Amino acid sequence: MKLEHLLLGVLGMRPSTGYDLKKFFDTSGRYLRSNTQMSQVYRVLHRMADQGWVTYDVEPRQGAQDAKTYRVTPEGMTVFLDWLTGPYLPPFRARDPEFTARLSFCGFMTEEQLLRIVDAELAARRDQLIQLHDHERTIVSEAGYSFDVELAVAVTGRLAEWGSDDVERHIQRLERLREDILAGRLRNQA
């Protein structure tokens, strides 16, 4: 997932200035991407304008820098939708920002497209849970440096337990989401 996809998604919902986009990443969009800098936002907006994915109107301001309000073009919307509804290949890490981003922009999808992404994530997390339970947890220290193997085994065992618990909870949430979509209950909860 690239910053371009996120910017196109936000602009597909509402025209925005670069400042508005940065504010989005600092508030409600902060879980989609961390530490997004103003310079990154403007650099990507400029590149997307050159590619024809966004256009902008300039609002002159007396004594201040002119404000540009960006809008996604039909070509930019095609690029965004191709990413959003295209194949989703879940990474190893559960609750990856790309999965969260795709869910965040689900208003641009059909329920079938949303279910396809949820099902892909569910399958990957179920497989991951099997791998976590079957994983060998032996630690060997052979480098000759002071290393407490017993402590390392105990702590990494806890980490594995926490990881399994997190994945199990993620699976439960995905299953509830899937059931709510299929039962038509999701729209009533908005």
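Predicted model: local features only at pLDDT ≥ 70, side-chain atom pairs only at ≥ 80, totals over all residues.

Q: Okay, start with α1 and α3. At what angle do their axes cross?

A: Helix α1 covers residues 3–13 and helix α3 covers residues 38–51, and their axes cross at roughly 80°. The two axes come within 10 Å.

Q: Staying with α2, which of its residues are buried?

A: G18, L21, K22, F24 and F25 are buried. They cover an arc of only 155° around the axis, so they sit on the same side of α2.

Q: What do those buried residues pack against?

A: They pack against α1, β1, α3 and β3, where β3 is residues 67–72.

Q: Let's zoom in. Where does T36 lie?

A: T36 is in the loop between α2 and α3.

Q: Buried or exposed?

A: T36 is buried, because its relative accessible area is 2%, and the cut-off for buried is under 20%.

Q: What does T36 touch?

A: If you skip residues up to four places away in sequence, T36 touches L3, K22, F25, D26 and V41. There's also a polar contact of 3.0 Å between the side chains of T36 and R33.

Q: Now T17. Which strand is that in?

A: T17 lies in strand β1, residues 16–17. T17 has 16% relative accessibility, so it counts as buried.

Q: What is T17 in contact with?

A: Leaving aside neighbours within four places in sequence, T17 is in contact with K68, T69 and Y70. A polar atom of the T17 side chain also lies 3.0 Å from the backbone nitrogen of D20.

Q: How far is T17 from Y42 in space?

A: They're 9.6 Å apart, C-alpha to C-alpha, and 25 residues apart in sequence. Y42 is found in helix α3. With 37% relative accessibility, Y42 counts as partly exposed.

Q: So which residues does Y42 touch?

A: Not counting residues up to four places away in sequence, Y42 touches G18, Y19 and Y70. A polar atom of the Y42 side chain lies 3.4 Å from the backbone nitrogen of Y19.

Q: New topic: α5. Which residues are buried there?

A: Helix α5 is residues 97–104, and E98, F99, A101 and R102 are buried in it. Looking down the axis of α5, the buried residues fall within an arc of 160°, so they line one face of the helix.

Q: What about L103, then? Where is it found?

A: L103 is in helix α5 too. At 24% relative accessibility, L103 counts as partly exposed. Not counting residues up to four places away in sequence, L103 touches L114, V118 and L177.

Q: And how far is L103 from P15?

A: L103 and P15 are 20 Å apart in space, C-alpha to C-alpha, and 88 residues apart in sequence.

Q: Last one: which helix does E168 lie in?

A: E168 lies in helix α7, residues 149–183. E168 is partly exposed, with a relative accessible area of 31%.

Q: What does E168 touch?

A: Leaving out residues up to four places away in sequence, E168 touches L129 and H133. E168 and L129 are 39 residues apart in sequence, and their C-alpha atoms are 7.3 Å apart in space.

Note on methods
Residues numbered from 1 in each chain as written. Heavy atoms only, no water. Axes fitted to C-alpha atoms, helices over the stretch in contact; angles between N-to-C directions. Helix = DSSP H or I, 4+ residues; strand = E, 2+ residues; numbered from the N terminus. Buried < 20%, exposed > 50% of the residue type's maximum accessible area, 1.4 Å probe, protein only. Arc of directions from axis to C-beta. Polar contact = N/O pair within 3.5 Å; in protein donor to acceptor, adjacent residues only side chain to side chain. Contact = heavy atoms within 4.5 Å.
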